[in-house]
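The entries below keep to what I could read off for each of them.

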Amino acid sequence: MPISRAVQARSAAQGPSRCLPRQAGLDSDAVRRGMVDKLRQFGGFDERVLQALQEVPRHHFVDPGLAAQAYLDNALPIGYEQTISKPSVVARGLDAALRALAPRANLGKVLDIGTGCGYAAAVTARIATEVYSVERIRALHDLARNNLRALRVPNLRLILGDGMLGCPQGAPFDAIVSGAAALTLPQAWLDQLAVGGVLIAPIGDPQQLLLYRKRSATKLDVLPLEGARFVPLKSGLT
């Protein structure tokens with residue numbers, strides 16, 4: 001999706017959209033509940049995921065000029081040719097991971113690839129013991145940190161780094177969730193996934209959202225979930 005220079009500049013310079021005037025009504029629990037109720041109509045989402053989406057104010061993570069669209073089920077530009085994912089996309093990945101890890105009470109320790117504006121990481125932290133979120137674009141890493149500051153999420157660590165390399169200092173992870181699409185699955189992710197853990201990532205061209213379960217050090221189960229359309233995974237810092 002092409003990203004306007006104006007949106008990119010505002011995203012980097014203004015920080016989170018929590019500066020919106022209160023009369024905009026976006027701080028209302030009812031607004032978030034409406035978004036979640038629509039997702040519930042899709043059917044099948046774990047209630048823990050829906051509750052996490054209910055708790056995180058999505059309008060804090062988008063550009064003020066796009067705030068009126070914050071609680072629609074759509075992706076929105078956040079600058080630097082990146083987007084904030086649709087709420088349904090965030091829900092789908094987390095729901096699949098929770099079901100694969102059942103009967104565990106939560107996701108355990110999670111590696112989130114591609115922090116972006118920080119929204120998906122904040123939602124994930126509601127249903128995980130600990131989250132390490134990696135972002136390669138310094139301006140977005142800083143934006144996410146700014147967006148998340150007021151929310152005070154104690155179990156979320158933001159890492160400036162190359163997502164293709166994972167996060168060795170936090171490994172092993174019970175779950176790894178990628179918000180960017182790779183042509184092939186990075187070996188570093190598999191190495192950092194705990195035995196019994198699950199990995200959700202869009203892979204290939206055309207993209208397919210896949211679920212991997214690490215049965216042992218040498219055995220990996222793969223389950224295709226659905227077609228996908230994510231921004232591409234890139235290496236290196238910028």
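**Contacts of a strand residue**

I began with L209 and, leaving aside its neighbours within four places in sequence, I found it in contact with I200, A201, P202, L223, P224, L225, E226, A228 and F230. I keep in mind that this is a predicted model. L209 is found in strand β8, which runs over residues 208–214. Is L209 buried or exposed? I noted a relative accessible area of 6% for L209, under the 20% cut-off, so L209 is buried.

**Helix α2**

I then turned to α2, residues 29–42, and checked its length: at 1.5 Å a residue its 14 residues should span 20 Å, and I found the end C-alpha atoms 21 Å apart, which agrees.

Which residues of α2 are buried? I listed R32, M35, V36 and L39 as the buried residues of α2. They cover an arc of only 95 degrees around the axis, and therefore lie on the same side of α2. On the face turned away from that buried side I noted the exposed residues K38 and Q41.

I next asked what covers the buried residues of α2, and the cover includes α3 (47–55), α4 (87–101) and α5 (119–125).

How values were computed
Residues are numbered from 1 along each chain as its sequence is written. This is a predicted model: local features need pLDDT of at least 70, side-chain atom pairs count only at pLDDT 80 or more; totals for chains, interfaces and linings use all residues. Side-chain values use heavy atoms; hydrogens and water are left out. Helices (H or I, at least four residues) and strands (E, at least two) are DSSP runs, numbered from the N terminus. The expected span of a helix is 1.5 Å times one less than its number of residues. Buried means under 20% relative accessible area, exposed over 50%, partly exposed in between (1.4 Å probe, protein chains only). The arc is that of the directions from the helix axis to the C-beta atoms. Contact means heavy atoms within 4.5 Å.
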